[in-house]
Amino acid sequence: MNDASLHGMDGLAAPQRHWAVLALALGLIMAVMDSAIANIALPTIARDLHVTDAASIWVVNGYQLAVTMSLLPLAALGEIVGYRRVHIFGLVLFAAASLLCALSGNLTMLTVSRVIQGFGAAGMMSVNLALIRFVFPRHMLGRGVGLNAMVGSAATAVGPTVASAILSVAHWPWLFAVNVPVGLLALALSLWALPHTSRARARFDSVSAVLTAATFGLLISGIDGLAHGQSAAVVATELTGMLVFGTLLIRRQRILPAPMLPVDLLKVPLFALSAAGAFCCFMAQGLAYVAMPFLLQNTFGLSQVRTGLLLTPWPLTVALIAPLSGRLSDRYPPAVLGGIGLIGMAAGLLLMATLPSHPSDLAIVWRTAVCGLGFGFFNSPNNRAMIDAAPAHRSGGASGMVATSRLLGQTIGAALVALCFEMLPTYGAPAALLIGAGSAGVAALVSLFRTTVPKSA
């Protein structure tokens, strides 16, 4: 068994590196797919479990909340006990919870199982990039990050198709049951191939973990409530609680040598700007992913199947371009690559928002492809910049922040779409896409500004 840190090795040698990449890829595919495939089955689940459509939403919300609340604590735990252990823990928890989901006979059991599954997914996603850093030699880091992004994008692209295919021949519990054999294979590969890494000589700060979970949990809950018409008093209480817990969290992090909320890394200009760019970019993506189906179906009158096919070029283009942009980031500044990509993404969203009243399929396809091309040129180089800007012993904090920036951006973007529909019922989708174009434009400026700052503090 190789130890990439203790033996001073720069990554793993082939073929162990290849098996390690496969282990990480399988975990990422399951975590990404399961965040989306449950949406496809919600109507069927609601009908079979005899609950309302609104109640069934907790099958999705429970998973999302668990992931959001635990990403940073589990990333911090990885620095203390080893990234390999946290990944394996997450994998085992995810597979076991998937079996519980498949066996669930009521909404309460299914929701609790999905929450446990969310914690397992967070265990894998929180240390995913940290492990990539120790699996690949430094001169191949961009290639590794790009490959990782390609896997995530491909899983996003085929997730709904896989879910539909399973539901066409089997009942909804099989959406979760298929994770068990895949999880066992990923576990065997992880135990054999993933590297051990050095561990921080520190104790896990449970107070910070509670404050982090409360802060991000209340933030997501408040945003979701605001977007879906929850009472003003409840939303105000949630957001006020978020501010109180967030203030206490930041104060505590300032006195810690390895803070759970990586305020030390955010003092590094390159890291802070990369995180801000990621947040704005994923907010634009969240706006687009939610708004575009409404634009195509409600405004242009297209069917669900046709809409899905016309939007597929975005994740498909990302999957194709991510390895190339990752390799380019090993040779060229990620700030420049990301800036160029985000300008393209902003242009694509602007063009989507201004489609003619009767667009052809080709007009829609090439616009979504431009969006995907721009996003792909930003995401891999930006992830590489974030993980490379952090010291090796803070790879967990950097990896957790990458995942948190993505999740928060997507969540706020989706909430903004709901607000657009509430304020502009007729023009909600185009308005959301225009806001997305503006957000991508801001991200482009932030990305290009990185060329003026030093790499480290």
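In which helix is Met109 found? Met109 sits in helix 6, which covers residues 107-126.

## Basis of the model

This is a predicted model, in which local features need pLDDT of at least 70 and side-chain atom pairs count only at pLDDT 80 or more, while totals for chains, interfaces and linings use all residues. Residues are numbered from 1 along each chain as its sequence is written, and side-chain values use heavy atoms, with hydrogens and water left out.

Helices (H or I, at least four residues) and strands (E, at least two) are DSSP runs, numbered from the N terminus. For single residues, buried means under 20% relative accessible area, exposed means over 50%, and partly exposed lies in between (1.4 Å probe, protein chains only).

## A nonpolar patch

Leu99, Leu100, Leu103 and Met109 make a nonpolar surface patch of about 340 Å². Patches are made of residues with over 30% relative accessible area and no salt bridge; like charges are joined within 9 Å, and nonpolar side chains (Val, Leu, Ile, Met, Phe, Trp, Tyr) within 5 Å. The accessible areas come from the Shrake-Rupley method with a 1.4 Å probe, and for residues only the protein chains shown count as cover.

Helix 5 (residues 83-103) gives the most to this patch, with three residues. Met109 has a relative accessible area of 32% and is therefore partly exposed.

## Helix 16 against helix 18

Helix 16 (residues 313-329) and helix 18 (residues 361-389) have axes that come within 7 Å and cross at roughly 35 degrees. Here the axes are lines fitted to C-alpha atoms, for helices over the stretch in contact, and angles run from 0 to 180 degrees between N-to-C directions. The crossing of helix 16 and helix 18 is right-handed; a crossing has this hand if the near helix is turned clockwise from the far one by less than a right angle, and is left-handed if anticlockwise.

Contact means heavy atoms within 4.5 Å. On the helix 16 side, the residues that meet helix 18 include Pro313, Trp314, Ile321 and Ser329. On the helix 18 side, the residues in contact include Val365, Leu373, Phe377 and Arg384.

## Salt bridges

A salt bridge is a side-chain nitrogen of Lys or Arg within 4 Å of a carboxyl oxygen of Asp or Glu. By this rule the count is eight.

Asp34 and Arg114 form one of them, with their closest N and O atoms 3.7 Å apart. This pair links distant parts of the chain, with Asp34 in helix 1 and Arg114 in helix 6, 80 residues apart. Asp34 is buried, at 1% relative accessible area, and Arg114 is buried at 0%.

Asp361 and Arg306 meet in another salt bridge, at 2.7 Å from N to O. Asp361 lies in helix 18 and Arg306 in helix 15 (residues 304-311), so the pair ties together parts that are 55 residues apart in sequence. Asp361 is partly exposed at 32%, and Arg306 is partly exposed at 37%.

The side chains of Asp330 and Arg384 also form a salt bridge, at 2.8 Å from N to O. Asp330 is in the loop between helix 16 and helix 17 (334-353), whereas Arg384 is in helix 18, 54 residues away. Asp330 is partly exposed at 25%, but Arg384 is buried at 8%. Both residues belong to a network of salt bridges that links Arg138, Asp330, Arg384 and Asp388.

## Backbone features

A cis peptide bond, with omega of about 5 degrees, joins Ala14 and Pro15. Pro15 lies in the segment before helix 1 (16-34).

His50 is not a glycine, yet its phi is positive, at about 60 degrees. This residue lies in the loop between helix 2 (37-48) and helix 3 (53-56). His50 is exposed, with 73% relative accessibility.

Ala13 is in the segment before helix 1 and is partly exposed at 40% relative accessibility. Ala13 and Leu373 are 360 residues apart in sequence, and their C-alpha atoms are 32 Å apart in space.

Arg17 is found in helix 1 and counts as buried, at 12% relative accessibility. Leaving aside residues up to four places away in sequence, Arg17 touches Leu12, Val135, Phe136, Pro137 and Met140.
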